[in-house]
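Please read this short report with the model open beside you.

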Amino acid sequence: FIFTLIEAMVEAGVAMGFQTTDAQELILQMLQGCVTLLQETGRHPAELKWQIASPGGTTIAGLRMLEKEHVKSGLIESFLTAYQKAQD
C-alpha cells in the first residue's frame, strides 16, 4: 500500500515540475521525518497532523482535499479488505 502512496506523491511532484528522482527523494525525506517524529515523540499521528496544519495554510488545504476524496476511508477499507482476505 505504501508503495502506491509513494508512487502517487512522486507523480504529483513530477506534475509540479520536479524531476522524478528529485520528487522521490523529497518524498522519502518527508516520510523519514514523519516516522522519526512519531517514534521520538510517541504522540498520536492526528495530534502531530494538527500541530503541523496552520489555519488557512497549505497543509490544511491538502488535508481538505484528502477528506473530499475520501482517502482516509479508502485506506481503512484497503487494510480491512486485505485483512479479511488473509482471514479467508
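In this predicted model, the axes of α1 and α2 come within 8 Å of each other. They cross at roughly 130°. The crossing in which α1 passes α2 is right-handed.

Which residues make the contact? From α1 come Ile-6, Met-9, Val-10, Gly-13 and Val-14. From α2 come Thr-20, Ala-23, Gln-24, Ile-27, Met-30 and Leu-31. By class, this contact of α1 with α2 has eight nonpolar residues and three polar ones. Charged residues are absent from it.

Now the whole chain. The protein has five helices and zero strands. Read from the N terminus, its elements run α-α-α-α-α. Along the principal axes, the C-alpha trace spans about 45 × 30 × 30 Å.

Next comes the largest pocket. It holds about 1800 Å³ of space. Its lining is made by 36 residues. Nearest its centre lie Met-9, Met-30, Cys-34, Leu-63 and Leu-66. Met-9 and Met-30 also belong to the contact between α1 and α2.

Where in the chain does the lining of the largest pocket come from? α1, α2, α3, α4 and α5 each supply at least two residues. The helix that gives the most is α2, with nine residues. The table lists the helices that take part.

| Helix | Residue range | Residues supplied to the lining |
|---|---|---|
| α1 | residues 2-15 | at least two residues |
| α2 | residues 20-41 | at least two residues |
| α3 | residues 45-52 | at least two residues |
| α4 | residues 58-68 | at least two residues |
| α5 | residues 71-87 | at least two residues |

What classes make up the lining of the largest pocket? It has 27 nonpolar residues. Five are polar and four are charged.

Finally, one residue. Ile-60 lies in helix α4. Leaving aside residues up to four places away in sequence, Ile-60 touches Trp-50, Ala-53 and Ser-54. Ile-60 and Lys-49 are eleven residues apart in sequence. In space, Ile-60 and Lys-49 are 9.3 Å apart, C-alpha to C-alpha.

Conventions
Residues numbered from 1 in each chain as written. Predicted model: local features only at pLDDT ≥ 70, side-chain atom pairs only at ≥ 80, totals over all residues. Heavy atoms only, no water. 1 Å grid on protein atoms, 1.4 Å probe; cavity = no way out; pocket = protein on both sides within 12 Å on 5 of 7 lines; lining within 4 Å. Points joined across faces, edges and corners; volume = space filled by probe spheres on them. Helix = DSSP H or I, 4+ residues; strand = E, 2+ residues; numbered from the N terminus. Nonpolar A, V, L, I, M, F, W, Y, C, P; charged D, E, K, R; others polar. Axes fitted to C-alpha atoms, helices over the stretch in contact; angles between N-to-C directions. Left-handed = near helix turned anticlockwise from the far one by under 90°. Contact = heavy atoms within 4.5 Å.
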